[in-house]
There are 2 protein chains.
Amino acid sequence: MDPITSSVSAGDGARSEPKYSETATRILDAAEGLFVELGMEATSLRLITQQAGVNLAAVNYHFRSKDALFEAVFLRRFGPWATECLKELDTLEGRVAAGEEALTAEAVVRSYVRPALALSKDPARGGVMFVRLFSRVLVENHRQLRETMSRQYGELVTRYTRALGRALPGLTEQEVEWRMHLGFSVMFHAFAGNDILKVFGRSAVSARDPDMIVKHMVPFVVAGLTSPPAGRSDR
Amino acid sequence: MDPITSSVSAGDGARSEPKYSETATRILDAAEGLFVELGMEATSLRLITQQAGVNLAAVNYHFRSKDALFEAVFLRRFGPWATECLKELDTLEGRVAAGEEALTAEAVVRSYVRPALALSKDPARGGVMFVRLFSRVLVENHRQLRETMSRQYGELVTRYTRALGRALPGLTEQEVEWRMHLGFSVMFHAFAGNDILKVFGRSAVSARDPDMIVKHMVPFVVAGLTSPPAGRSDR
DNA sequence: GTATGTTTCAAACGAGTGTTCGAGTTGTGG
DNA sequence: CCACAACTCGAACACTCGTTTGAAACATAC
């Protein structure tokens with residue numbers, strides 16, 4: 001029987017983290033690094049399997065297709081991150097409801113930065129790979145993956161928009177969405193190290209220490225989010 | 001004789017905008033759109049030449065190779081943008097020296113946003129294509145292109161760093177570089193429409209009107225740039 | 001007219017792509 | 001021991017890829 005259906009859907013309708021066999025894991029690990037470094041199109045299955053030390057046909061056996069492999073590589077990291085984000089939001093909103101904390105933009109930002117930071121510092125969960133992969137997904141056009149994301153993780157963005165809206169009263173819904181977009185964008189690309197200075201060969205900065213990144217990025221993002229509303233009219 | 005050497009280097013050592021034959025231009029136009037939409041690796045020369053209505057071999061005749069074509073596609077837009085940015089910086093610094101204007105972060109930001117905005121609104125110069133292409137170059141790894149950039153356009157980033165440093169006294173050189181990186185990153189990805197909400201299928205926002213983008217992005221970036229320095233210590 | 005240099009074109013080249021297939025191997029329960 | 005499923009493996013399939021070639025078409029100058 002093919003191992004795909006047995007691992008991805010674990011029975012009920014709830015989202016679940018599939019367990020992978022050792023071979024499948026080796027493939028995922030190798031593919032992750034190569035997708036991040038070379039991009040999905042430029043990475044061949046032969047390179048992946050060679051680096052993973054498995055047979056070429058194993059990819060199609062375990063993942064059906066290259067596209068499905070990419071999706072699996074991404075979701076393996078994205079799932080846990082999203083789960084942790086929702087948990088952070090839960091506790092934050094709990095504390096706010098209990099009057100123990102104010103719902104500030106910084107608190108919201110930290111609730112999604114913290115899981116990303118934890119991931120970045122944990123090599124066992126892919127380290128900085130996930131963020132770099134995400135920054136690629138933002139720019140490239142993985143239609144199939146986007147469908148999965150909007151189907152399975154729509155709740156995430158809905159809840160963040162609502163929380164940010166409450167943290168930033170005085171802003172229209174459109175303005176909130178704009179700042180969400182900009183704030184998340186900065187985080188992922190900053191973590192991923194997509195540095196303009198690097199493109200120009202002036203990369204003294206990107207020391208790639210995740211703590212350093214957070215230190216510089218969070219104040220930047222918070223300042224952007226909390227800046228006074230843009231001009232009143234719509235032109 | 002091959003037309004490459006005759007167009008790219010126009011004699012002296014100065015950077016020059018090469019003139020392209022009609023066939024070469026058709027190729028550049030088609031390639032630009034496809035590289036932006038599909039990425040360089042996923043775009044085949046056959047697709048480009050078919051869409052451009054030229055023979056397949058024309059690419060290698062006019063541009064030597066696919067890699068060189070990509071570089072040409074990018075530099076055709078980047079060159080004019082960089083030139084205009086330097087011009088804006090010149091006039092800004094001139095007015096500052098004459099005491100007619102203060103050197104604010106916003107003025108610096110606008111000096112690189114304005115050329116990008118002008119480009120985005122001018123279909124004859126590629127419209128929004130250039131910014132989207134740049135956002136891809138930020139994420140992907142075009143080694144050859146990066147060498148060209150750092151060789152030919154190092155001045156651009158040097159001058160911006162210096163200007164921003166003067167506009168933001170009180171910041172260390174490292175902090176200035178960090179904010180440069182973050183500020184430019186936001187601009188390109190915002191213009192390019194690399195929207196997180198879009199990935200999740202909640203894309204009510206990205207109306208893609210360049211003026212709208214500027215309206216929301218500039219205050220965000222300026223607020224981030226001018227925010228108080230991060231914590232004093234280095235941890 | 002011929003000669004010369006530039007540009008186009010159809011066809012092919014060899015290498016590399018994702019995917020499939022069927023035989024082989026391994027491991028587990030009866 | 002056997003049957004049966006899960007898994008691995010080498011070989012092949014049917015393409016597509018970027019690039020090259022050599023002959024034709026075109027332009028320009030003498």
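**Ground rules**

I am working with a predicted model, where local features need pLDDT of at least 70, side-chain atom pairs count only at pLDDT 80 or more, and totals for chains, interfaces and linings use all residues. Residues are numbered from 1 along each chain as its sequence is written, chains are lettered from A and ligands numbered from 1 in the order in which they are written, and side-chain values use heavy atoms, with hydrogens and water left out.

**Entry 1: the two copies**

Next I looked up the interface. Of the interface residues of chain A, 100% are also interface residues in chain B, so the copies meet through the same surface.

**Entry 2: A:L225**

I found A:L225 in helix α12 of chain A, which spans residues 210-225. Helices here are DSSP runs (H or I, at least four residues), as strands are (E, at least two), numbered from the N terminus. Is A:L225 buried or exposed? It counts as buried, because its relative accessibility is 2%; the cut-offs are under 20% for buried and over 50% for exposed, with partly exposed in between (1.4 Å probe, protein chains only).

I then listed what A:L225 touches, leaving aside residues up to four places away in sequence: A:A105, A:V109, A:L164, A:L168, A:L171, A:R179 and B:F220. Contact means heavy atoms within 4.5 Å. With A:R179, 46 residues apart along the chain, the C-alpha separation is 5.9 Å.

**Entry 3: α2 and α5 in chain A**

I turned to helix pairs, starting with α2 (residues 22-38) and α5 (residues 66-97) of chain A, whose axes come within 10 Å and cross at roughly 90°. That makes α2(A) roughly perpendicular to α5(A). My angle cut-offs are under 35 degrees for roughly parallel, over 145 for roughly antiparallel, 65 to 115 for roughly perpendicular, and oblique for the rest. The axes are lines fitted to C-alpha atoms, for helices over the stretch in contact, and angles run from 0 to 180 degrees between N-to-C directions.

From α2(A), the residues that meet α5(A) include A:D29, A:E32 and A:F35, and among their partners are A:K66, A:R76 and A:R77. By class I get eight nonpolar, one polar and five charged residues. Ala, Val, Leu, Ile, Met, Phe, Trp, Tyr, Cys and Pro count as nonpolar, Asp, Glu, Lys and Arg as charged, and the others, Gly among them, as polar.

**Entry 4: α2 and α3 in chain B**

Here the axes of α2(B) (residues 22-38) and α3(B) (residues 45-52) come within 8 Å and cross at roughly 130°. The two helices are therefore oblique to each other. On the α2(B) side the contact includes B:I27, B:L34 and B:F35, with B:L47 and B:I48 among those of α3(B). The contact residues divide into nine nonpolar, one polar and one charged.
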